[in-house]
Amino acid sequence: PAADSSSPATLSPKQRRRSAALSCAECRRLKLRCSRVFPCTSCVKKGCAAICPDGSLTTGKGNRFILANTEVLHDKIGQLSTRVRQLEDALAEAHGFHSNERHPLLTDDLLQIKRPLEREAKKEVTPPQEAETAEAIDAVGSLSISDTGRNNFYGQTANAWYLLQVSDVSYDEDDANSPDLPVPNDLPWLSHAFPFTPNVSKTIQGVRGTLVGFLPDAAKAEHLSDIYYRNAAWMYRPIHQSDFYETIFGRIYDVQSTSNPDPIKSHRIAVMYMILALGALLDPDRPPNSYDANLYYQLGRAALGVDSLFEEQSIPAIQALLLMSHYMFLSDIDGPRWALMGLVVKLAQGVSVLYRDSGRWGLSADETHRRRSLMWEIYTYDSWQSLTYGRPPSFSLVHMDCRMAYEPFKNEQGEEEMGFELWKHRFASQCLSLVHDQAFGARTPSYKVIQELDRKVRDFYTPPSLQVPGFGGPMAEIEPSSPSLTMQRYIGLSIKEISLFYMHRGFFARAIEDCPDDPLGSKYAPSVLAAYSSACSFVGLIKSLFSQQPRLTERMWFLFTHVFSCAIVLGSIPIKCPSMALSRSALSHLESASRLFDQVSENPRAVKVLPVLLKLKERAIASMSEMQTQNAVVPSSRFSSEDRDVKKEDDELATLGGKTRFVPKKTNSLPSSPAKLHALTGSSSPALAQASPP
């Protein structure tokens, strides 16, 4: 039969091409071979499947070159999309530390901008970190409010000594820190009303004369000043020794300069008295908290009240206040110290403008160095004090451009070297500032942030000259180091260890609470090991330091307060987790901590700690014994007297570990009054400076 004229076989080649399926518009535009299965392979590969087969990309200059490298292009798009997502996550996390609101750049519409660039739409939702971290630690801190309205707060990093003070309803800081001292009739109110003393211009010369009359003779003053620079200035040095003797000591003890009515002179007298007070406080030949130390301290306060700090702001005034804070720190006067440092910070940010680099003002090289050094001493003191109290620091580095006062150098081996001053300034600004902001802020950080900060603290560079022999440094030295260098080495390593300790303490507590049988199986196991390791290291450090410098170390009570914090954590391990592999070692280090306090048992502050440590050690030993004999009794459902006692002790243990709590307190005594500063005899004779304690 004749062939059908309409069949494919009868069609001409031109007719057959016209009736076949056409390539998609994009392949025709680019003159590419099209698979003709829509969306075609080429369009899928280029990421434009949505426009196939009828749509096409807009023609533009360079399209042929770009699309010729389509695979490379899309790989790059994928990398950029991933990078954008990471930056969005980082921005969300960083912004979350400062606000509960979403950042304006992270709205839903803006987050979708990158979607068309991605080869596959990924519906990923970042899980809220609060779900993990809100339950991680219950360690906001301790707040106490007395019936008179007096408030006190210690945050999550506060050491156990301060938390113990909050627990003691009978403790009255006014009585503890306000001894009766004989001073002239015209000085008690100046000291008591500090810092809000009005300018006493009518009798200013007379008051200054009285204050100068109470100064010891030049030989004794020089002796106490040398003790200060040898035993105290190794840690904080707001005024260099050469500057002190030139601008303070020389001008006060030089008879020709005493007639100069310089309004700053009262502030210089205050610097003199505070250095005398610190020298007497750390004089190994005097008893702790000696009479002379307290007398010089009160006279220094009075000197700061002669010329108002608010009307006569000066560098010597700031130096005197920082020295005063250091004295209060070493003599355990805690109440007003925090507020006093706030005043120092505001004065440094005010007229003195220390936080801006002094080189901007065209000052001399010596003055510029002096101001830079003072600024970073204030910054470091504030940062370390914030860690001790568990409260936020006062400075923000965003608003500071003050340069470091010192420069590093190379030793003979080509290693970077620096003095303790530069190291502590760097550590406080480059490392501890991040820990304050990210680990100890109001918002609980993610555990990943804690681990990253842990690495940063551990990796922070310590020069060879500041490494502790036997603790990462050389095992032995050819020549023994000076007491000042020994203290600096140990304090440098101690501040690193105690920073790590407080970073992990809350997560450690959560791990042993949730997994008492196996805390190392908890997701917070790294914090268990880190808190244990830092506690052991810190106790070992102070034990080693005490063996080398016992007379000086026992005056550094702040070191023992951190040992107390470490002891609480070490005791928690055998008490809560007696079957844990670390329990025996933790108990051994707890006993070492207890022996340290036994060696300073004459200190009245140690008397309050020793009963706590004794009870802690007894419970730890009992818990270990029960585990070894396998006679541990399973707690019954009824609440016996013994159950209640154990629960109470556990609550006290958690409290000393930083757990959140509120403590209502009753005031047992009235606040201190100027009468406490007045001599029993009421005499104003300078001879009273040599009198014996009442």
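**Notebook: rings, helices and a record span**

I began at W376, which is buried, with a relative accessible area of 5%; buried here means under 20% relative accessible area, exposed over 50% and partly exposed in between, with a 1.4 Å probe and protein chains only. I keep in mind that this is a predicted model, in which local features need pLDDT of at least 70 and side-chain atom pairs count only at pLDDT 80 or more, while totals for chains, interfaces and linings use all residues. Residues are numbered from 1 along each chain as its sequence is written, and side-chain values use heavy atoms, with hydrogens and water left out.

I then looked up the overall make-up: the protein has 27 helices and five strands, where helices (H or I, at least four residues) and strands (E, at least two) are DSSP runs numbered from the N terminus. Of its 694 residues, 49% count as buried. I also noted that, among contacts with a separation of 6 or more, residues 24 or more positions apart account for 73%, a contact being heavy atoms within 4.5 Å.

**Aromatic rings**

For ring pairs I used Phe, Tyr and Trp (its six-membered ring) with centres within 6.5 Å, planes under 30 degrees apart counting as stacked, over 60 as edge-to-face and the rest as tilted. The count by this rule comes to 28 aromatic pairs. One of them joins W376 and Y379 edge-to-face, at 5.2 Å centre to centre and with 65° between the planes. Because they stand three residues apart in helix α18 (residues 365-389), W376 and Y379 are separated by about one helical turn. An α-helix has 3.6 residues a turn, so residues three or four places apart point the same way. Y379 is buried too, with a relative accessible area of 5%.

I next found R391 lying over the face of Y389, at 4.6 Å from the ring centre, and over the face of W338, at 5.2 Å from the ring centre; the rule asks for NZ of Lys or CZ of Arg within 6 Å of the ring centre and within 35 degrees of the ring normal.

**Helix α12**

Helix α12 (residues 218-231) has 14 residues and reaches 20 Å from its first C-alpha to its last, close to the 20 Å expected at 1.5 Å a residue; the expected span is 1.5 Å times one less than the number of residues. I listed its buried residues as K220, A221, L224, S225, I227, Y228, Y229 and N231, and what covers them includes α13 (241-253), α14 (265-281) and α15 (291-306). Y228 and Y229 also belong to a cluster linked by ring pairs, together with F244, Y245, F249 and Y253.

**The span from S23**

UniProt, in an unreviewed entry, places the feature "domain: Zn(2)-C6 fungal-type" at residues 23-52; such annotations may be inferred rather than shown by experiment. In the model this span is 40% helix and 0% strand, and its end C-alpha atoms lie 10 Å apart. S23 lies in the loop between α1 (13-19) and α2 (25-30) and is buried, with a relative accessible area of 17%. Leaving aside neighbours within four places in sequence, I found S23 in contact with R28, C34 and R36.

**H562**

Last, I looked up H562 in helix α24 (residues 557-576), where 7% relative accessibility makes H562 count as buried. H562 and A535 are 27 residues apart in sequence and 9.1 Å apart in space, C-alpha to C-alpha.
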